[in-house]
Amino acid sequence: MKSIRIILSKYIAIATIALSVISCADFMEPSKDSYVGSADLLKSRDYFVGVLYRAYLGIPTRVNLTYEAATDNLVANNENSATSKAAKYGISAQSNPLGDTWSTDYTYINYINWYIEHMVLDNTKTVPTPVIFDSNPSVNLRTFYYTLGEAYFLRAWYEFDLLQKYGGVGADDKVYGFPIRTSSYKETDNLNIPRNTYEECVAQIAKDCDSAYMHLPLDYNNLDANSTFDNGSTASSGHASGIAAKTLKAKTYLYAASPAFNTASNIELWKRAAQAAQTAIQLTGGSVALQTYANYFNKMNLNNGDNSNKDIFFRGPINSAVSTMEKENYPPRLQGNGTYNPTLNLINAFPKSDGYPADVASTITLDPANPHLNRDPRLDNFIVRNGESFAGITIATTSGGSDASGFAINNTRTGYYLQKLIDPSVRFTSPTVTTTMASILLGRPELYLSFAEAVFMATGDMNSTTYTYTPKEIMRRIRERAFGSGPSTKDKYYIIGNKVDNTTFLNFVKNERRLELCFEDHRFWDLRRWCNGKSDLTLLTYSVYGIYSTSALENRSFRSPYLPIPNGEILKASNLINNAGY
Amino acid sequence: MKCSKIKILLAIALTLGTEFSIADAQQKTDSVTSEKNNKISILFGKQDYNRFVGNTDAVKGENLLNYPAVSVSEALAGQLPGLFILQNNGNPGEDNFDMYVRGASGGYITLVDGIERSLTSYDQGQIAEIRILKDAVSKAIYGGRTCNGIIMVTTKRGAQGSPKFTATAQRGVKFPTVLPRYMNSFDYATNYNKALMNDNNGVLPSGQGYTQDVLDAYQFKTSPIQFPDVDYYGQFLQKNMDYTRMMVEYSGGNAKTNYYVHGSYKNEGNYEAYGNSKTGIQTFNLQGNVNSQFSDDIRLLANLATYLVERQYPGNFSISTLSSRYPNAYPIFLKTGTDTIGGTSTWMDNPYGGQALSGYQRETSLRVQADINLNIKLNSLLKGLSWSPVFNFDIYHMQNLSKINTFGVYKAQSFDFDGNVTAVQTLRTQVNATSQSMGANAYTQRWAFANTFNYDRTFGNHGITADLFYFISQLSTAAQLYDYKRQNLGLRVNYSYAGKYSLEATANYCGSQIMAPDKRFKIFPAVGAGWTVSKEDFLKDSKTVNFLKINASWGYMGDDNLTPNLWRNTWYYNQFAPNTYIFNSSATGNTTNVVRAGSDILTWPEMREIDLSVETRLLNSIQLKVSYFDYLSYGQISQRINTMPAISGGSNFLPSSNFGQTGLTGIEAVASYSGKVGDFKYTIGGNFTYGKTKKIVIDELPDPNYSTVGDATDDIRGYHAIGFYSQADIDAVKAGTMAVPSFMDPKDLKVGNIIYQDVNGDKVLNSYDRVVIGNSMPRLMYAGNLKLEYKGIELFANVLGYGEYHPYLSSYFQNYSTRKYSTTIIDGLPNGNAHPMLTAGAGTNDYQTGSDYWTADASFLKLQNLALSYSLPKEWIKGMKMSELKLSLYGTDIFTISKVKALDPESFDAGVNSYPLFTTYAVGLSMSF
C-alpha cells in the first residue's frame, strides 16, 4: 500500500507539473499583434478623427454629369451609354443605369453615427469640450469640437442624398423618404424597417443641420481668439461650416415644398423654405453682388480658403494636377473625349443679348443659321460653340468642320461642347498643362434662386415684402452677374425693361435656374421636384436636339418622377415599399 | 476561467482514477485485453478492430513505393476510398493538388504522427501507413476542426529483430502526358483574317489582317526571321525530364530498444531547353527514431525528422509565355547564332531570354519536426491504466534567393531582300543583377503537447476502454503576427460486450483562441455503435460469411479553422491616397476604416455527421465494405452581404455571423478478392466513392424568381445554348418577338452567334435564365488495382477514374480576341461542339457569356500506376549476405481515356499556364541486407 501511494504521488506530481507549465487563461488570450481595435481608436485622436474623415470620402470629387446627361441640357456622346439608356425608359428597380448610392450613403451614415456615439464631451466645462484621449495629439481640441458639427453636417448631407434620390410617392399615395438611421449598426438591430415619411426625413435633416450649425463656426474667417484655425488661411477650407449647414437645410426645405413631394400643396412648406433661405442669406452677408464667373469657377481660387471665394459654401476635395474633366469633355481635336454634349434645347433657353427670351420679339433678331450669336454672355461662358476660340483652337462644329459630328470619332453629336467647369488652359500635348479640380456643391447662386422660388411660391408676388428681400431684388443679383449692373446693364428685359410680371415670374426663375446651375447636377432633380405628383410626367417626356438634324437625337421618357429603391433592398426588407411606377 | 475548468476536470478524473485504483488494486482478477493481432491505429492510440465503431481505410506504406514521384500525395491518388486527389500541375516539387474527402465541400486535415503536419515533407519510404478517418466518432477527439476526413500518417518505427539495411535507387524519365497544340503562323494568320472578316460582314477591313504575300511567306517559310513561325513548345521544352530517388533505411532492435533511421534523396527537373538555371528540385530527408523500454512500465520514443528542399528556376520564365505568344509575334533570334533576341514593345518576354539570360532563383526550405513520446503503465495504480504524454515541436523556414537579370530585347527595323535583318532597334538592354537578393521567405513554428490517460480492461464479457485527453498547441507564423492557439479536453469511452456489440461515446471540450472570449470553449459529442454479426450464433460457423460487421456513428464537430479576429472590431488607419481626403492643398485628412465589424454572438460553425457502414469477408477471399455518409455543416461564417439590408452599413459594418448550411451525402464501397493457385497469388481490388454537396442556406439575394439553393456547391450556372442565330432570328430579336440578350447590344448580334434559351420566357435573356450547366469538381471516384505474384515476380497495376465532372472549358479552348489560336478551332470542343465563329473582338455573346456551349464531360480514367518487379531467389543472393535483391520497372500516368483529348482532363492548367502533368517511366533496384 505504501509503495502505491508513493508511486501515486509521484505521478500526480508529474501530471501537475506538466499541466501547470501552461497557464491556461493567459494562454488563450491573443498574442501581441498588429490589430487596431475600437479601444485603440479611442486612445488616439488622429485615429478617432479618421473615422469622421472616412465619411468625407463620399463627398463628390467632381461634379456628377451622369444625371445631367439624362436631362434636356446634355446628352452623352455615346448613344449606348448608361445615361442615354436610363433616359429612354431604362430605369427600373432591377437596374438603374445611373447607379445607386443607397448602400454607400448608409455606409457613411454608419461611420458618422459611430463617431457621434463615441465622441465623449466633458460637460463640466462651460463650453463642453471633448475628452482628451492622448497627450500628444496632432488634432487640437478646438478642431476636435468642430468635428462633431462636421459629423452632423455630413449625416445631413448623406441623408439629403438619400432623400433626393429615393424620396417619393409610394403606391399607397403617401410620400416617403428613407429609413432613418441615427445609431451605428448593432447585430441585434432589426433591419426590416419601413421608410420614414418624407416629412420625418426632412425634419431629421433639418435637425442635423441645426446641430451642425451649433457646433461649427459660421465660416472659417471669423473665429474667436481661441481658434486654432488661422483666419482665412488654407488650413480650414474644405471642411463643413455653419453656412454650409444652413444652406443645406434651405435646400432640403425647398425640395419638401416642391409639388412632387408636397402633394397636398401645403403653402406653409413654401413659407418654411423661404424662411430658411432667408436665414441663410442673412448669415452669409445678405443680398450682395455675385462674384464674376471667372472668379467663381476659377480652379485656383478653390484652394485658397473660403475667404477668396465667399460664394462657395461647400465644395468637394481638392484634386491637384489633374485633367479629368478636360480629358472627358475636350473636343477630340484637343485630345479630349467629348463625352457630354450640350443640347440645342439648352442653347435655346439662353436669352438674347438684350435679355429677352429667344422666342420673344425684341430689337435683336436671331440668325437661325448661327443661333448662338447675339446671345446672353453666359452662353459663351458655359458652352463651346462653333467659331469660338477655345483652348488654342478655333472650334468648327458646322457640318464638315473638324470638330463636327462625323469628322472624327467622339466628335459632338449636338454641335456643342461643354465649357463650364472646364479649364481651357489644360493641354494634353507637350508641354502638358494640368489643373485643379473640385466640385462646387453648395453656393450662393443656388441659394438666391431657391429663395426667389420659395418666396414667390409662398406669396404669389414677385415684389412681396414679407421677407427681408423681395424675389425680384434677389433675381436681379443673378441677372446682374450675367448682363452687368447699373445703368450700363445690357438686360433690357428684366433689370431695365421690367417685362417680367407675376404671371411669368415663376417660369423666369426656373429658366434662370436652369442656365445658372447647368452642368452642376441640379437640372435632373429640379425637373423631378417640379412634377405635379406621381402621374405627372410632362416635364420628363421630351426630345433632345442638335444642330445637325431637325429630327430628335433622343426621345426621352421615364417611368416615374421618382427613382426606384434598388430591387435587392426591397427583397431583403419586406417592409420597404418602392416608389410609384416601379 | 475556462482553463481552470479543464484543470478541475482533470483533477477529478485523476482523483477518481486514483481511488478506483486503490480499491481495485487489491482484487486479483487479471485479464488485460488480449487480441493484439487485430489492432488498428486510431487518434492517440490503438483499438481492436472488432470494437471499432467508425469508418476508416488505410494503405500500407509499401504500396506507395511502386509509384516513383517526388510527392507522396501523387502516389496516394486512388489508394484510399473517399480521398479525391487531382494534380494541378507538374511543376517540379510544387505539391499542388486539389484534395478533398468524399465531396467538394468540407476539407480534410493531415496528421503525421499525431500532429497536424504537411505530407509534402515526407518520402514514400518513411511511411508505415496512411489511414483516413471519416466518421464523427473516430475524428472527434482531435478537436474543433471539422473536416470530412483526417488523413493520419504513421511513419516507420524500428521493430524487434536483427538489424536490417535496405538501399533503394530509382531512376526515370518523365514525359508530358499531353501538351497543348497551337497553330503555326500560316494557320494562325489565315484564321485571324477569318476572324476579322467575321467581324466586318465578310470583308477584310483595309489595313488590317495579313496580305496574301505575308501568308505565302508564312506558308513557304521563305524568310523565317522576317516572317517567323515559332514552335514555342518544341523549341523551349525538352522532350522529357529526369527523375531520381535514392533511399537508405536502417532499422532493428531488441526487446528493450528499437531504432529506425531513414535517409533519402530525390530530384527531378531540367525540362527547359536553354540556360543553366533550369527548373528543378532536390530534396533530402533524414529521420531517426528510437524506442526504448525504460523499465517494465515506461517506454520512451524520440523521433526527429528533417527535410531540406532546394528548388531552382530561371530568373523570369513562365510556361504561360509559350501559350500566349503568337507564332509570328517575333523571331526568337534576330540573327542566327547570336543572342540578339527578338521581341516587341509590348512583348519583351522572349522565352530564350527568360530561360537563358534572366538569371536564377533559388528557394531553400527546411523543416525540422521533433517528437518525444512517453508511455507509462500505471497498472500499479489501476490495472489497465496508462499515461502517455507527447510533446511535438516543428519548425519550418523558407527563403528565396535570386539574381534576376533584365534581358536585352531587340526588334528588327529593316530587312534585305532575303529577309535578313539590316537594322536593329534596341527595345531594352541587358541589365544584370549585381548582387543576390532575398525574395519571399516564410517561417512557421508549432508546438503541441498531448496528455493521454488510457484505461483498457476486460471483465468477462465486458470490455471497457476509456481515454482522457488533454491537448494544447500553438502555431506561430512570421507573416501574420497572429498565433493560432488551441486546447482540448476529451473523453472517449468504448464498451464492448462479448466481442459482438460495441458502443463508443466521445465528448470533446474544445477551446480555440479564434473565438470570442466567452465562446472559446464548446463541447462536441459523438456516439457510435458496432455489431459484429458474424459472431452471433447463426453465423458463427458459416463457411460463406467469415466476417460481417455493421457500424453506425453520429456526432458533432466544431470548426475553428477560421480567419483570425472575426469577433473583434478591427480598424485600419489610412495615410495614403485614395484613402485620404484632401481638404485643401495644405491639409489632408487621414481616414480610419473598418476592416471587420466584431460580433458578440459569433460562435463555432459546426458539422453533424452520420456514417453507416457494412463490412464483410466472404469465402475467405472476398472483402467488401459499403458505406453511406451524410454531413451537414451549419452555422458557416458569412457576413450576409446579400441577405442583410444595406442600411446596416454593408460590408463595413456587418459582422460575421453563423449562417450558411451545406450538406454532403454519398456512398462509398471497397472490395477486394484474393486467391492463390499454386505459386501464383493474385489480388484484385477496387474502390468507389460518390458524394454530392448541396447548398441549403446561402447568402444569396432572397429573390422569389431565382435561387441557387439546392444546387451543389460546385455547380456552375450559365445559359443553355440552343442553336445559332439566323438573320431571321436577329430580326426577331430586334423586333422583340425573340428573347433579347441583356448582356450585349442586340444590334451587335451576328448570324452564327449562339442562341441561348429564354428559360423563364420573359423575352429577355438575363441572369434569371441561368441554369446548372456543369460542375467544377468530380463527384465520382473509382479505382481498381491488381496484384499478381509468381515466384518473385510481382505485377502491380492501378487504374483511377473520376466522373460526374463537367467543368467549364478553359481559355485554351476559347480562341477569340487577341488570344493565341489553339488547334481546337479545327478539332472542335471535347463536348462535340464546333468551335464558335471566330472573332477578333470582345466575343461578348459567344465567348464571354457563360453557357453550356463551353462545359464538357471531362470524366477520365487513367492507368495511374504499373509496376513489374523481380526479386532474385534467396539462394542466389545468400552469398552476398543479402536478404533481398529486387529489380523493378515502373510507370505512372501511362494513358488516359477521356472525351477531353487536347489537354489532360486532370488539369486544364497543366501545360498551358504551368508545367504539364507527366508520365514517368523508371527502373529501380532495391537491396536489403
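Two strands are taken to pair if DSSP finds at least two bridges between them. Helices (H or I, at least four residues) and strands (E, at least two) are DSSP runs, numbered from the N terminus. The structure is a predicted model, in which local features need pLDDT of at least 70 and side-chain atom pairs count only at pLDDT 80 or more, while totals for chains, interfaces and linings use all residues. Residues are numbered from 1 along each chain as its sequence is written, and chains are lettered from A and ligands numbered from 1 in the order in which they are written.

An open sheet in chain B has 3 strands in the order β25-β27-β26, and their pairing is antiparallel. Its edge strands are β25 (570-574) and β26 (580-584) of chain B, each of which pairs on one side only. From one strand to the next, the twist averages 20 degrees; angles run from 0 to 180 degrees between N-to-C directions, and axes are lines fitted to C-alpha atoms, for helices over the stretch in contact. Strand β27 (residues 587-596) of chain B runs antiparallel to β25(B), and 5 bridges join the two. Within this pairing, B:Thr591 of β27(B) is the bridge partner of B:Asn574. The loop between β25 and β26 of chain B holds B:Pro578. The peptide bond leading from B:Ala577 to B:Pro578 is cis, with omega near 0 degrees.

A helix of chain A lies across this sheet of chain B. Helix α4 (residues 45-56) of chain A lies across β25, β26 and β27 of chain B and runs at about 90 degrees to β27(B). Two residues are in contact if their C-beta atoms, placed from the backbone, lie within 7 Å. α4(A) also packs with helix α7 (residues 102-118) of chain A, at an angle of about 155 degrees and with the axes 9 Å apart. The angle makes α4(A) roughly antiparallel to α7(A), given that angles under 35 degrees count as roughly parallel, over 145 as roughly antiparallel, 65 to 115 as roughly perpendicular and the rest as oblique. The contact is made by A:Val51, A:Leu52, A:Arg54 and A:Ala55 on the α4(A) side, and by A:Tyr108, A:Tyr111, A:Ile112, A:Trp114 and A:Tyr115 on the α7(A) side.

Another open sheet of chain B has 5 strands in the order β3-β8-β9-β6-β7, with mixed pairing. Here β3 (56-60) and β7 (115-116) of chain B are the edge strands, each pairing on one side only. Strand β6 (residues 108-112) and strand β9 (residues 149-155) of chain B run parallel and are joined by 5 bridges. In β9(B), B:Met152 stands opposite B:Leu111.

In chain B as a whole, there are 13 helices and 43 strands. The radius of gyration of chain B is 32 Å, close to the 30 Å that the globule rule gives for 929 residues, so chain B is as compact as a globular protein of that length. The radius is taken over C-alpha atoms, and the globule rule is 2.2 Å times the number of residues to the power 0.38. Along the principal axes, the C-alpha atoms of chain B fill a box of roughly 105 × 80 × 70 Å. A residue is buried if 20 or more other C-beta atoms, placed from the backbone, lie within 10 Å of its own, exposed if 12 or fewer, and partly exposed in between. By this count, 44% of the 929 residues of chain B are buried. Of the contacts in chain B between residues at least 6 apart in sequence, 71% join residues at least 24 apart.

One loop residue of chain B, B:Asp297, lies between β13 (280-293) and β14 (298-314). B:Asp297 is partly exposed, because 15 other C-beta atoms lie within 10 Å. With neighbours within four places in sequence left aside, B:Asp297 is in contact with B:Ile376 and B:Lys377.

Chain A has 20 helices and 16 strands, and 49% of its 582 residues count as buried. A cis peptide bond, with omega about 0 degrees, joins A:Ser430 and A:Pro431. A:Pro431 is placed in the loop between β12 (417-418) and β13 (435-437) of chain A. A:Ala391, although not a glycine, has a positive phi of about 50 degrees. The loop between β10 (389-390) and β11 (393-394) of chain A contains A:Ala391, which is buried, with 23 other C-beta atoms within 10 Å.
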